[in-house]
Amino acid sequence: PDRDGVPQSVLDARGAGIRVVMITGDYVKTAIAIAKNVNILQPQDDENVAAVDCARLRPGGNYLSDADMDSLTSSVRVFARAKPEDKLQIVTSLQRQGAVTAMTGDGVNDAPALNQANIGVAMGI
């Protein structure tokens with residue numbers, strides 16, 4: 001379940017021009033439900049475009065080219081079934097596009113992406 005205040009925080013961030021992206025190990029349907037509850041996905045969003053299983057990042061076991069990865073990460077807001085390496089690839093892709101990235105994480109599996117992000121916030125839950 002989402003925490004108190006998160007839906008409003010996402011709206012506030014969006015209002016300030018911040019693009020909020022969720023990267024999770026959850027299954028796609030679960031991730032979509034959470035993203036809707038916290039306003040990362042909005043009713044008008046096409047879930048087939050805005051949310052993807054991270055297997056799309058690595059078809060056949062190899063990651064997409066930088067250009068293809070950047071094209072995907074520029075529009076997707078929910079990445080599901082993410083492995084630690086996927087999180088790192090997503091953050092790196094967003095940085096290649098000129099984004100200043102902030103990443104939150106609560107486990108060892110988040111460490112590589114937390115380290116790569118411009119702002120890394122390790123949370124104890």
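Student: Quick one on R96: buried, exposed or partly exposed?
Tutor: R96 counts as partly exposed, at 35% relative accessibility. Buried means under 20% relative accessible area, exposed over 50%, and partly exposed lies in between (1.4 Å probe, protein chains only).

Student: What sort of model is this?
Tutor: It is predicted: local features need pLDDT of at least 70, side-chain atom pairs count only at pLDDT 80 or more, and totals for chains, interfaces and linings use all residues. Residues are numbered from 1 along each chain as its sequence is written, and side-chain values use heavy atoms, with hydrogens and water left out.

Student: OK, back to R96. Which residue does it form a salt bridge with?
Tutor: D66. The closest N and O atoms are 3.5 Å apart. A salt bridge here is a side-chain nitrogen of Lys or Arg within 4 Å of a carboxyl oxygen of Asp or Glu.

Student: How many salt bridges does the structure hold?
Tutor: Six. One of them joins R58 and D86, with the closest N and O atoms 2.8 Å apart.

Student: What does that pair tie together?
Tutor: R58 lies in the loop between β2 (51-53) and α4 (66-73), and D86 lies in helix α5, so parts 28 residues apart in sequence are tied together.

Student: Is R58 buried or exposed?
Tutor: R58 counts as buried, at 16% relative accessibility. D86 is buried as well, at 0%.

Student: What about K87: which side chain does it meet?
Tutor: The side chain of D110, in a salt bridge of 2.5 Å, N to O. K87 is in helix α5, while D110 is in the loop between β4 and α6 (111-116), so the pair ties together parts 23 residues apart in sequence.

Student: Are K87 and D110 buried or exposed?
Tutor: K87 counts as buried, at 5% relative accessibility. D110 counts as buried too, at 4%.

Student: New topic. Where's V100?
Tutor: V100 lies in the loop between α5 (84-96) and β4 (102-105).

Student: Buried or exposed?
Tutor: V100 is exposed, with a relative accessible area of 66%.

Conventions: Helices (H or I, at least four residues) and strands (E, at least two) are DSSP runs, numbered from the N terminus.
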